[in-house]
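Subject: Handover of a structure

Dear colleague,

Please find below the sequence and structure that I am handing over to you. A summary of the findings follows.

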Amino acid sequence: METNNAPCTEAQMLIRKPSSIVFNAMIDPDQTTNFWFTKSSGKLEAGKTVTWTWEMYNVSTEVEVKEIIENEKIVFKWNERTVEFIFKSLSNGFTYVVVTESGYKETGSALLGAIKDSTGGFTTVLDGMKAFLEHGINLNLIADKFPKEAIQHGN
């Protein structure tokens, strides 16, 4: 996907929970650690920078929170890219989540690889979020995506 002729990735998922529950799962690390990173330095708040860690990969990143509209939107910057989570409340009490990432500096095959990784990564996060929020199951999707015996990631 492109916005303003700039590359942008998108992933989306219907989650059968109200937007307040889905939104809170993204800003509260006690919940987010059940489907994404393993550790966070704090809750997402506008103007705050937090550190997210994936301990199984020995990887951390700084997340600079740019905007939060309660139950509707989270925008943050990480690794020189901008990520936006939109939470659309549906009439049946469910939530449609759309994640976009923009700000790619790569070109050519490196750009294609970055877009593939981003799309696949955010799809995995949303799949894990759905399983956790709808069924209370931590599928370990992020940890199982790159098992050490199969592939090296982040080292």
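I begin with N140, which sits in the loop that joins α3 (108-135) to α4 (141-145). Please note that the model is predicted. N140 has a positive phi of about 60°, although it is not a glycine. With a relative accessible area of 42%, N140 is partly exposed, because that class covers values between 20% and 50%.

α3 comprises 28 residues, and from its first C-alpha to its last it reaches 40 Å, close to the 40 Å expected at 1.5 Å a residue. Just after α3, G136 adopts a positive phi of about 70°.

A further asparagine deserves mention. N79 belongs to the loop between β6 (73-78) and β7 (81-89). Its phi is positive as well, at about 45°, although N79 is not a glycine. The relative accessibility of N79 is 54%, and N79 therefore counts as exposed, the cut-off for that class being over 50%.

Next, I turn to T32. This residue lies in helix α2, which covers residues 29-32. Is T32 buried or exposed? Its relative accessibility is 0%, so T32 counts as buried. A polar atom of the T32 side chain lies 2.5 Å from the backbone oxygen of A25. Leaving aside residues up to four places away in sequence, T32 touches A25, M26, I27 and F37.

Finally, some values for the chain as a whole. There are four helices and eight strands, and from the N terminus on the elements follow the order β-β-α-α-β-β-β-β-β-β-α-α. The radius of gyration of the chain is 15 Å; this agrees with a compact globule, because one of 155 residues would have a value near 15 Å. Along the principal axes, the C-alpha trace spans about 40 × 40 × 25 Å.

Of the 155 residues in the chain, 39% are buried. Among contacts with a separation of 6 or more, 46% are between residues 24 or more positions apart. The accessible surface of the chain amounts to about 8400 Å², and carbon and sulfur atoms contribute 49% of that area.

With kind regards

How values were computed
Residues numbered from 1 in each chain as written. Predicted model: local features only at pLDDT ≥ 70, side-chain atom pairs only at ≥ 80, totals over all residues. Heavy atoms only, no water. Helix = DSSP H or I, 4+ residues; strand = E, 2+ residues; numbered from the N terminus. Buried < 20%, exposed > 50% of the residue type's maximum accessible area, 1.4 Å probe, protein only. Polar contact = N/O pair within 3.5 Å; in protein donor to acceptor, adjacent residues only side chain to side chain. Contact = heavy atoms within 4.5 Å. Expected span 1.5 Å × (residues − 1). Rg over C-alpha atoms; globule rule 2.2 N^0.38 Å. Areas by Shrake-Rupley, 256 points an atom, 1.4 Å probe, with all protein chains shown as cover.
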